[in-house]
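Hi everyone, thanks for coming.

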Amino acid sequence: MASKHPPVCQIFSFKDCKTSLDPIFELPAHCLTPTAAPIVIDNGSFQTRAGWAAPAADLDSAPRLIFRSVAARSRGAARSETQIGNDIPNLEPLRWLLKSQFDRNVVVNFEIQELILDHVFTHLGLSSEGFVEHPILMTEAPCNPLHCRQMMSELLFECYRVPFVSYGVDSLYSFYHNNNQRNLQPPHTGLILSSGYHCSHILPVVDGRLDAVNCKRLNVAGSQAASYLQRLLQLKYPGHLAAITLSRMEELLHEHSYTAVDYHQELEKWRCPEFYEREVHRMQLPFSGKVPGGCVSVEERQERRAQQLRRLQEINTRRREEKLQQDQERLDRLLAVQELLEDGLLDQFHKSLMELNMDSAEELQSYINKLQLAVEQGRLKLLQSDGAEGKMEVWALLLNY
């Protein structure tokens with residue numbers, strides 16, 4: 001009887017890819033003659049890709065620039081330099097203030113869009129100040145609002161003075177390209193399922209033309225999947241919160257996940273133990289010398305709680321003192337106004353009442369009574385808090401003894 005070998009356990013490590021600075025390319029000579037070659041900008045919500053629309057014999061078919069569609073600025077520095085895409089060393093630290101030009105797959109922040117276009121044109125070798133003499137082909141979301149397209153056109157024509165601009169949907173380009181690769185004769189008919197970073201679209205194509213009336217959009221896509229996976233793993237592994245970062249969740253989705261064609265059939269496969277052990281991916285985290293939070297001793301926990309309690313009491317005491325001081329200053333001012341009435345200075349008294357937005361002496365007396373009560377209660381609470389702190393110090397001394 002042949003022995004069955006146990007399934008091999010698949011163990012992977014996170015790549016944690018570090019980005020390198022985008023090089024500044026030289027402008028190819030054949031992109032200028034006899035006519036200026038167009039620039040293709042795939043303006044995606046996750047990545048921006050840019051390159052030349054030249055024949056494959058002249059240039060590599062892959063885009064020359066690929067970087068994240070995000071701009072970063074140091075927190076707390078109003079005039080700090082803004083970094084774009086691959087110039088950002090790491091997207092995870094909290095010291096970065098990250099911004100994108102997109103809101104649900106639609107460009108709304110055109111200041112960030114201008115910075116990204118500057119980055120693209122500079123690194124493609126276009127050194128002319130404020131003038132790009134190449135036609136632009138830019139992708140956009142399906143059924144993009146007319147206002148957003150007008151603002152994008154204004155940015156390209158007014159800021160960069162480009163000669164021509166053409167817009168297109170990236171998923172439609174992919175659809176036509178894949179059909180040509182399969183040697184299918186036009187006109188093409190099909191259903192496009194486009195899942196981006198912020199939104200997913202369902203686009204019907206009938207006889208080579210997009211049926212825009214029946215297009216559907218869902219606000220569920222890659223970013224929601226990554227954040228949901230991050231929350232699930234943080235709940236399952238609370239001891240590794242710092243290691244479960246959003247960039248690693250995106251790596252899990254891109255490298256270790258797939259879409260089930262038949263969901264119920266896929267569930268039946270995963271019920272088999274052999275299939276589970278063979279197909280499951282185990283991720284190995286890098287070694288960390290830090291002691292997990294669950295290994296803290298009972299004495300250290302009690303000391304931390306006591307420190308937090310003392311800190312909260314100090315904050316509350318400080319707030320009560322500030323409130324008491326403000327009420328006392330307000331009361332002294334009102335009493336000074338009341339003394340004007342007692343001294344017979346009626347003109348100054350009525351003028352002071354108008355400044356206080358009060359109508360009569362009775363209203364002034366009512367405010368004085370309320371403030372006197374508030375001041376007395378504030379002093380009593382301060383005395384009680386001082387007594388409680390003294391008792392806590394005595395208990396702490398007894399416990400240490």
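I'll go through the cores and then the rings.

A quick note: this is a predicted model, where local features need pLDDT of at least 70, side-chain atom pairs count only at pLDDT 80 or more, and totals for chains, interfaces and linings use all residues. Residues are numbered from 1 along each chain as its sequence is written, and side-chain values use heavy atoms, with hydrogens and water left out.

By nonpolar core I mean buried Ala, Val, Leu, Ile, Met, Phe, Trp, Tyr and Cys residues joined through side-chain atoms within 4.5 Å; buried is under 20% relative accessible area, exposed over 50%, partly exposed in between, with a 1.4 Å probe and protein chains only. The largest core has 29 residues, and Ile39, Ile41, Val120, Phe121 and Leu156 have the most contacts inside it.

So what does Phe121 touch? Leaving aside residues up to four places away in sequence, its partners are Ile39, Ile41, Leu126, Val132, Ile136 and Tyr160, with contact meaning heavy atoms within 4.5 Å. A second, separate core of 14 residues includes Val337, Leu340, Met358 and Leu371.

Now the rings. Trp270, Phe275 and Tyr276 make one aromatic cluster; rings of Phe, Tyr and Trp (its six-membered ring) pair if their centres lie within 6.5 Å, with planes under 30 degrees apart stacked, over 60 edge-to-face and the rest tilted.

Last, Arg64 lies over the face of Phe25, 4.9 Å from the ring centre, and Arg68 over that of Tyr197, at 5.9 Å. The test is CZ of Arg, or NZ of Lys, within 6 Å of the ring centre and within 35 degrees of the ring normal.
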